[in-house]
Amino acid sequence: MTNKTFGASVGDWTPPPAPQISALDGHWVRLEKLSADQHAEALFHANSADDQIWDYLPYGPFDNVPSYASWVTSVENAPDPYFFAVLPRKTGRAEGVMSFLRVKPESGSIEVGHINLSPALQRTPAATEAIYLLMNWGFDAGYRRFEWKCDALNIASRRAAQRFGLSFEGVFRNATVYKGRNRDTAWFAAIDTDWPALKSAFETWLAPSNFSPDGSQKSALSDGTNTALVATDPALR
């Protein structure tokens with residue numbers, strides 16, 4: 001008889017619900033379900049500071065508030081991608097967007113994407129906490145896998161994924177075409193067994209006590225998340 005090998009049993013795991021979220025609240029940031037009426041004008045003005053934030057997205061930049069609001073209207077009620085506006089507590093205004101996408105409850109997989117943060121929001125505790133809130137919701141809901149994918153040439157995005165403790169899983173060549181350009185896609189992910197260590201690292205880093213009065217961090221997030229990485233990105237070595 002031929003020996004057969006199978007994957008580990010998932011026991012009594014049941015598929016989690018699809019996202020139906022109006023808001024997620026943190027210390028540094030609030031995520032609200034994206035709305036053209038509530039968020040489009042503020043987002044347009046925040047994004048206008050630098051058109052380069054659209055470089056690796058399949059849409060944008062937009063010329064004016066109505067054109068941007070029209071795009072928001074086209075996506076705000078979609079179940080997948082499920083878009084959020086990112087509102088840092090410091091200003092109370094929408095300064096970025098991100099979404100859940102490729103939501104697959106049947107396999108327990110969920111992805112974060114369409115990340116577009118204004119220059120003022122980038123590299124802030126609010127931006128990091130926004131990712132944490134989505135990861136925390138996903139794993140708390142019962143998802144087994146949290147994915148991050150980006151253009152393989154987008155080194156900033158690859159660096160961010162690794163900083164957040166998402167392990168490198170490879171590059172899919174000629175994965176898609178956007179804005180008339182080829183895209184090789186770099187894949188990253190964390191799974192449910194990674195999450196306890198990552199959650200602790202995020203919460204330690206996000207604690208107000210980790211920041212000096214001038215806003216500088218006392219310890220780096222990667223100090224905690226690197227220990228959970230199964231594989232590191234060779235492009236960042």
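Predicted model: local features only at pLDDT ≥ 70, side-chain atom pairs only at ≥ 80, totals over all residues.

Reply: Pro81 sits in the loop between H2 and S3, and a cis peptide bond joins Asp80 to Pro81, with omega at about 5 degrees. Residues are numbered from 1 along each chain as its sequence is written, and side-chain values use heavy atoms, leaving out hydrogens and water.

Pro61 belongs to the loop between helix H1 (36-47) and helix H2 (65-75). For background, most peptide bonds are trans, and most residues other than glycine have a negative phi.

His114, which is in strand S5, has a positive phi near 50 degrees despite not being glycine. Asn174 in strand S7 (residues 167-178) likewise has a positive phi near 50 degrees. Asn174 is exposed, with a relative accessible area of 61%. On that scale, under 20% is buried, over 50% is exposed and anything in between is partly exposed, using a 1.4 Å probe and protein chains only.

The structure holds 23 aromatic pairs. Phe84 and Phe100 form one that is edge-to-face, at 5.8 Å centre to centre and 80 degrees between the planes. Phe84 lies in S3 (residues 82-88) and Phe100 in S4 (residues 96-104), so the pair ties together parts that are 16 residues apart in sequence. Phe84 is buried at 0% relative accessible area, and Phe100 is buried at 0% too. Another edge-to-face pair is Trp205 with Phe211, since the ring centres are 5.0 Å apart and the planes are at 80 degrees. Both of those residues are buried. The rule behind this: rings of Phe, Tyr and Trp (its six-membered ring) pair if their centres lie within 6.5 Å, with planes under 30 degrees apart called stacked, over 60 edge-to-face, and the rest tilted. Beyond the pairs, Tyr132, Phe139, Phe146, Trp148, Phe164, Trp195 and Phe202 form one aromatic cluster.

Trp205 turns up again around Asn210. That residue is in the loop between helix H5 (195-206) and helix H6 (221-225), yet Asn210 is buried, with a relative accessible area of 6%. Setting aside residues within four places in sequence, Asn210 contacts Thr204, Trp205, Ser216, Gln217, Lys218 and Ser219, where contact means heavy atoms within 4.5 Å. From Asn210 to Ala220 is ten residues in sequence and 9.1 Å in space, C-alpha to C-alpha.

Ser109 is in strand S5 (residues 109-117), the strand that holds His114. Ser109 counts as buried at 7% relative accessibility. Apart from neighbours within four places, Ser109 is in contact with Arg102, Val103, Lys104, Tyr143, Arg145 and Glu147.

Asp25 and Leu133 are 108 residues apart along the chain, but their C-alpha atoms are separated by 7.7 Å. Not counting residues up to four places away, Asp25 touches Arg30, Arg89 and Leu133. Asp25 is partly exposed, at 44% relative accessible area.

Zooming out, the chain has six helices and eight strands, running β-β-α-α-β-β-β-α-β-α-β-β-α-α from the N terminus on. Residues 24 or more positions apart account for 64% of the contacts with a separation of 6 or more. Buried residues make up 48% of the 237 in the chain. A compact globule with 237 residues would have a radius of gyration near 18 Å, and the chain agrees at 18 Å; the radius is taken over C-alpha atoms, and the globule rule is 2.2 Å times the number of residues to the power 0.38. The C-alpha trace spans about 70 × 45 × 35 Å along its principal axes.

Technical notes
Helix = DSSP H or I, 4+ residues; strand = E, 2+ residues; numbered from the N terminus.
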